Amino acid sequence: MRHRMRDESIPLFAPPLKIGEPLDNFSVGKVVRSEDPTYTPGDYVQGYFTFENYSVYPGSTTHAFKHCKKVPKLPGLPMSAFAGLLALPGKTAYQGWYLFAKEKAKTSKTLYISVAAGAVGTFLIEYVKTVHPYLKIIASAGTPAKIDLLKSIGVDVAFNYKETDTAKVLAEHGPIDIYWDNASGPTLDAALCNMSTFGLIIACGAISSYNEDQGAVKHFEKVFERSLSIHGFVMGIGDDARRALAEFDKEIPPLVQARNIKLREHRFQGLKSAEQALRSVHTGENFGKAVVIVDEEGGAA
């Protein structure tokens, strides 16, 4: 959503928001009326819908993010999980790992994750702990409470990047075989200087530069000096992504139901709370996936 707050003339992977039109975003809803025989009233659907009490699909929006598919009720989980854990954050973490790190992890010892207490980071930590339990996980976040969270879910080395020198921590506990980058900027620089030869960097986000330009990288020479591989990606884009997400639908729901991967939500009630929800993500106030609850009807499965 933050990427979309820009002038329409600026090209970017995410479609711009249009002033005067409802926001749209990853959502889950209940079908109340359908002229498509694929869907019947009472079905639950996951997709890209407008921030309204009643959203019409496909409506007038035609951008590439637009989609809609039926989802099951999973015992013990609220349907909001399909707007968070089982949607963008979980699918982002899974796709990046499945496509780029799955094989590398078999011969690696150390993984570092920045901005690790967010919805993508916590999913990735718990998933990696399940499928690659031998990996040493280093993770950083920006508040004491979030450091406690990281420790509670099995992170081996958790540190507050606002109070600790990232480069020193990585030098002490590295070298880093795989770096999952949600930050870019100074954090990426620290990682570049502490990567192992033939190390892997997965570029998932760049939160340090979303509001101000802190994304410059000073030590790019480490890429060729240490024969590093860097992979960037956008969730759902490309044939490989679709293949990975088909595997997500098979592998992840059972792990969530078994609580190997836990649902963490910061629930904001009502459409009027959407501004507060978005702001919380960029100030560190949210604890878990920020989800705007438009209607609790049918909430818990």
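**View 1. The exposed and buried faces of helix 3.** Pro144, Asp148, Lys151 and Ser152 are the exposed residues here, sitting on the face of helix 3 turned away from its buried side. Exposed means over 50% relative accessible area, buried under 20%, and partly exposed anything in between (1.4 Å probe, protein chains only). The buried residues of helix 3, which spans residues 144-152, are Lys146, Ile147, Leu149 and Leu150. Look down the helix axis and these buried residues fall within an arc of 155°, so they line one face of helix 3. The arc is that of the directions from the helix axis to the C-beta atoms. Helices (H or I, at least four residues) and strands (E, at least two) are DSSP runs, numbered from the N terminus.

A word on the model: it is predicted, so local features need pLDDT of at least 70 and side-chain atom pairs count only at pLDDT 80 or more, while totals for chains, interfaces and linings use all residues. Residues are numbered from 1 along each chain as its sequence is written, and side-chain values use heavy atoms, with hydrogens and water left out.

View 2. In helix 4 (residues 166-173), the buried residues are Thr166, Val169, Leu170 and His173. Seen down the axis, they stay within an arc of 95°, so they line one face of helix 4. Lys168, Ala171 and Glu172 are exposed on the face turned away from that buried side. Gly174 and Pro175 are joined by a cis peptide bond, with omega about 5°. Pro175 belongs to the loop between helix 4 and strand 7 (176-181).

View 3. The strands come in the order 1-2-3, with antiparallel pairing. Two strands pair if DSSP finds at least two bridges between them. Strand 1 (24-30) and strand 3 (68-71) are at the edges with a single partner strand each, so one side of each has no neighbour in the sheet. Strand 2 (residues 44-50) and strand 3 are joined by four bridges; Gln46 has Lys69 as its bridge partner in strand 3. The loop between strand 2 and strand 3 holds Pro58, and a cis peptide bond joins Tyr57 to Pro58, again with omega about 5°.

**View 4. Two loop residues with positive phi.** Most residues other than glycine have a negative phi. Ser227, however, has a phi near 50° and lies in the loop between helix 6 and strand 9 (229-232). Ser227 is partly exposed, at 36% relative accessibility. Arg259 has a phi near 65° and sits in the loop between helix 7 (239-257) and strand 10 (265-269). At 54% relative accessibility, Arg259 counts as exposed.
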